[in-house]
Each structure stands twice: as C-alpha cells, then as structure tokens.
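Take a moment with the sequence and the 3D view. The paragraphs below walk through them step by step.

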Amino acid sequence: MSWGTELWDQFDNLEKHTQWGIDFLDKYAKFVKERLEIEQNYAKQLRNLVKKFCPKRSAKDEEPRFTSCLSFYNILNELNDYAGQREVVAEEIGHRVYAEIMRYSNDIKGERKSHLHEGRKAQQYLDMCLKQMDNSKRKFERECREAEKAQQSYERLDNDTNATKSDVEKAKQQLHLRTHMADESKNEYAAQLQNYNAEQHKHFYIVIPQVYKHLQEMDERRTIKLSECYKGFADAERKVIPIISKCLEGMVQAAKSVDERRDSQIVVDCFKSGFEPPGDFPFEDYSQHIYRTVSDGTISTPKQESLKPDPRMTVGKAKGKLWLFGKKPKGPALEDFSHLPPEQRRKRLQQRIDELSRELQKEMDQKDALNKMKDVYEKNPQMGDPGSLHPKIAETTSNIERLRMEIHKNEGWLSEVEGKVSQRSERRHSAEANHLVAQGRESPEGSYTEDANQEGRVQPQHHAHPEFDDEFDDDEPLPAIGHCKSLYPFDGNNEGTLAMKEGEVLYIIEEDKGDGWTRARKQNGEEGYVPTSYIEITLEKKQ
C-alpha cells in the first residue's frame, strides 16, 4: 500500500490531507498547553490552601497537642506533597510532551513544504515537455499542409499545357522544399513525442511516487509522534501514582491516629486544677432553743459537737467557689507559680526544671570543652594563652552554680506541690467514704439516728495539723498502666532519666504529658523518664 501507486493523480487531496494533519498536531499541542496550565494552577491553589490552614507557630504554648489537630496537620503535609506531585506532572508534560510536539510541528511543516515544492516542480517540468511536444505537433501539421498545397500546385502546372517550363520547374522546387520541411517537422515531432512519453513515464512511475512516498512517511511519523505523546501524557501521570498513593495512605494513617481518649486526657492535663470538690454543707439547727414536746413527733436534735462545721470542708468550699465555679483571682505571676492551681503549678514547675536541666547540661559541656582547650594551650603555648580562658571558665562555673540552685529551688517547690496533691487525694477518698457511710445512716425523711456507737464508728479521726501528713507517709510506687519495648538504646545521663537497652521491656507508670518524655520503671524497680519516640507503648485497656 503506497500513496505513489494508489494515489498517483491525487496531489491536491494529499496536499489538503497533510495540511489537516499539521493542524491537528497544533490542536493537540494547544490541548496539552491548557492541561499543563490547569495542573500548575491546581498545584498552586493546593499549596496556598495548605499554607492558609497550617498552624502559625508563633508561640510554644499554641503548638497543637490534640491528636485530631496533629492528624489534620499531618493531612495538610501529605496534601502539600500531593501538590508537589501535581507540579511534577505539569513539569513532565511540559518537557516530554508539549516541548517535543512543538519542535516536531515546526520540523514537519518545513518537510511538507519541501516535498510539495518538489512535486510541483516535477509537474511543471512535465507540463513544459507537453507544451514542446504540442508545438512540434502543430508545426508538423502545418508543414504537411503546406507540402500538400505545393504538390497540388505542381501537379496543376505540370498538367497545364499553357504553363511555361520555368513555372513548372519553380513549382517543382517549391514542392521539394515543402516536402523537406515537412520531413524535418515530422522528425522533430517524433523526437518531442518520444521525449514527452519518457518524461511522463518517469514522472508518474518514479518522481511522483517518490514525492508521495516521502509525504506518506511524513504523515505516518506524525501519527507515531502523536501516539508517543499520548503515551507520554499517561506516563507522566503513572510515574507519580506510587507517591500519590503514599500520600493518600499517609492521610488514612493520620485519620487512624486520632485518639479520643488521649484528647480527653490532654484536656484534663491542661485544665485540671488539683483541688478537691467542695464538701457537703453541714446541718445547722436553728430550732434547738425552741421548746418542743414529745408529742410533736420530731426526733431529738443531734449533739452540738456534730453540728459544728468542719473547718477543712469550709476552706475547701471557699476555694472551690473561687477557683472551680468562679473566676481565678487576678494577680501578678509569681516565680513559684503559686498563683496557679496545684496540678497546673506542678506541670509548669516540671517544665521549668526540664528547661533548666538542659541549660545546665549545655553549660557543663561548654565547661568541659573550655577545660580541654585550656589543657591544649598549656601543652602547646603557641596555640594560645591559657589565661585568656579563665574569665570564660569562671563565667561558665558561675552559670552552673546558678542553674543548680535554680533547679534545687524549683525541685523543692515541686516536692511541696506533689505532697499537697497526694494529701488532697487521700482526703478526697476519705471524704467520699465518709459521705457514703453518712448516707447509710440517713433516714428517708432526712433525719439522723441516735445510735452513738454508730456515730463513733463512722467519724474519721482528723489530725490537728493535716499539712504535715506528707512528712510521715510512706512513698508507694505508682501502679503500672501498661508496658513498652525500647526501639533504640538510651544512655540516660541526665538527672531524672532512665537508661535502657534496645529491646528492653519496661513498665509504663505515667504517660507522655506532651513534652516528649514518658515515665517508666524497670524490672528492678528503678524509675525515670525515657524519650517517647524511643519506645513502643502498649497501654492496658481501661475497664
């Protein structure tokens, strides 16, 4: 199947078809360009959307801690990566498809113009040969008619008896001349005819088939190039599918990481005051001075001692009204955070101790480095003067002492807070037990029994100075709330941390409060904090 043999007489139609092919190529290039702009704008809008909803890390306290927030920000990060993949698609389409198809379109336009010019030139040459043959044919026809006229004139004069011999001889010469010219025209016409037939055969069997073959190859290459561009267009999308799938999988994992229990615990950690709920209002009997008779049907009034309000309950109630159900007392922030509720005060003190410990470790490392430098200078005086380091070493030593004093002072405040929190917890449990027993003694009508022995059994023995109770309490270990397995070794050089080996199993006694540390206990009872990112935690299910 060849255009040169099948379409030898369809030059104009082939010219139109090849022009249509180039127009279609330009049309597809325009489509790719617009698709490229859509991908670029889509990626840009996605990045602007992510930027708009990403958290502003202006203050440390505003960092998100809730798992739902962290999950959303992880989704935003994955969406930002997804936008990057759309940019990769746009870049790949621009380089591999659009740029290539525009370059090929310019090349094929020049090639088509060259082939058509060659075909037109061959057609013009064939037309010139045809014109020459036609001219020689007309000349031969004209000369034959003139020779025929000369012959008729000679025969007429030769048969005429009145004609002179000279006229006959002159007519005979004219006949010979016209016959000779007719023969020459005949030979010229034959030559031109043979030449035209040869050129026509060459034109339709060699030149035009070759030109049409080039046009056919050009058009087939155009079709192949379109096929390659279609495939490249799809490959640009296919290449980013694995990464896009990872982005989507990351979004799914972020959604699965939402933990409603942990968020609820974070709310407790943020707002827990550490105060115990207010106690019950005591019964105040204003009818004890009114004369009553037995016939009134009322029971006797409880003893005066039992009607005295519990001073601890009154204080707790007042505190409860000020801190729990009312507004916090406004005032300047104190160094020991005593203006905060106990639980919040404990957290802030612990954070300050951790920060001071990190600063202390930096200062100690700096001091060690200065001492090593001093030793080097003493051994090699040409490298520097050891005396020049004395002010810096003294300053570092002073900073270390200052930080140690600060840590000791804050640890004292922390111990005081933890003792009070433990004391309040014990009081609360005792109050709850007393409240339940008191409810058992209360009659349906709201009156009390007169059993003095029962009253004596349920009344708790109060200490005169409850604030010193913590000094005599025995420290009991915290209960384990789960276990963990260390993923990496940890040296635990800092104070309060716990060293562990890779693969070691520990008990979890306190969850991460959002600072990146988890409190754990070894099998031998040693306790301390370990990095949360170094362990794999399994918490026990709450019943």
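Residues are numbered from 1 along each chain as its sequence is written, and side-chain values use heavy atoms, with hydrogens and water left out.

Begin with confidence. pLDDT is the predictor's confidence in each residue, from 0 to 100. The chain has a mean pLDDT of 80, and 79% of its residues reach 70 or more. Helices (H or I, at least four residues) and strands (E, at least two) are DSSP runs, numbered from the N terminus. Helix α2 (residues 11-53) has the highest mean pLDDT among the elements of the chain, at 94. Helix α6 (residues 311-324) has the lowest, at 38. Residues 293-331 have pLDDT below 50, and this stretch has 40 contacts in the model beyond near neighbours in sequence. Contact here means heavy atoms within 4.5 Å. Residues 434-474 also have pLDDT below 50, with 30 such contacts. Where pLDDT is low, the predicted coordinates should not be read in detail.

Now look inside. A nonpolar core is a set of buried Ala, Val, Leu, Ile, Met, Phe, Trp, Tyr and Cys residues joined through side-chain atoms within 4.5 Å. Buried means under 20% relative accessible area, exposed over 50%, and partly exposed in between (1.4 Å probe, protein chains only). The largest nonpolar core holds 34 residues. Tyr28, Ile93, Ile101, Tyr212 and Leu215 touch the most other members. Two or more residues of this core come from each of α2, α3 (67-159) and α4 (165-256). Leaving aside neighbours within four places in sequence, Ile93 is in contact with Val32, Tyr98, Phe233 and Ala236. A second, separate core has 12 residues, including Leu360, Ile400, Ile407 and Leu414.

Two residues deserve a look. Cys270 sits in helix α5 (residues 260-271). Is Cys270 buried or exposed? Cys270 counts as buried, because its relative accessibility is 17%. Beyond its neighbours within four places in sequence, Cys270 is in contact with Arg65, Gln344 and Lys347. Lys347 is 77 residues away along the chain, yet the two C-alpha atoms are separated by 9.2 Å.

Asn410 belongs to helix α8 (residues 390-441). Its relative accessible area is 0%, so Asn410 is buried. Which residues does Asn410 contact, leaving aside neighbours within four places in sequence? They are Leu349, Arg352, Ile353 and Leu356. The side chains of Asn410 and Arg352 are joined by a polar contact of 3.0 Å. Such a contact is a pair of N or O atoms within 3.5 Å; within protein, one must be able to donate a hydrogen and the other to accept it, and residues adjacent in sequence count only if both atoms are side-chain atoms.

Five strands form an open sheet in the order β4-β3-β2-β1-β5, with antiparallel pairing. Two strands pair if DSSP finds at least two bridges between them. β4 (527-531) and β5 (535-539) stand at the edges with a single partner strand each, so one side of each lacks a neighbour in the sheet. Strand β1 (residues 482-486) pairs with β5 over five bridges. There, Ser486 has Ile535 as its bridge partner. Strand β3 (residues 517-521) pairs with β4, also over five bridges. Thr518 stands opposite Val530 in β4. Five residues lie between the strands in the hairpin of β3 and β4, where Gly525 takes a positive phi near 95 degrees.
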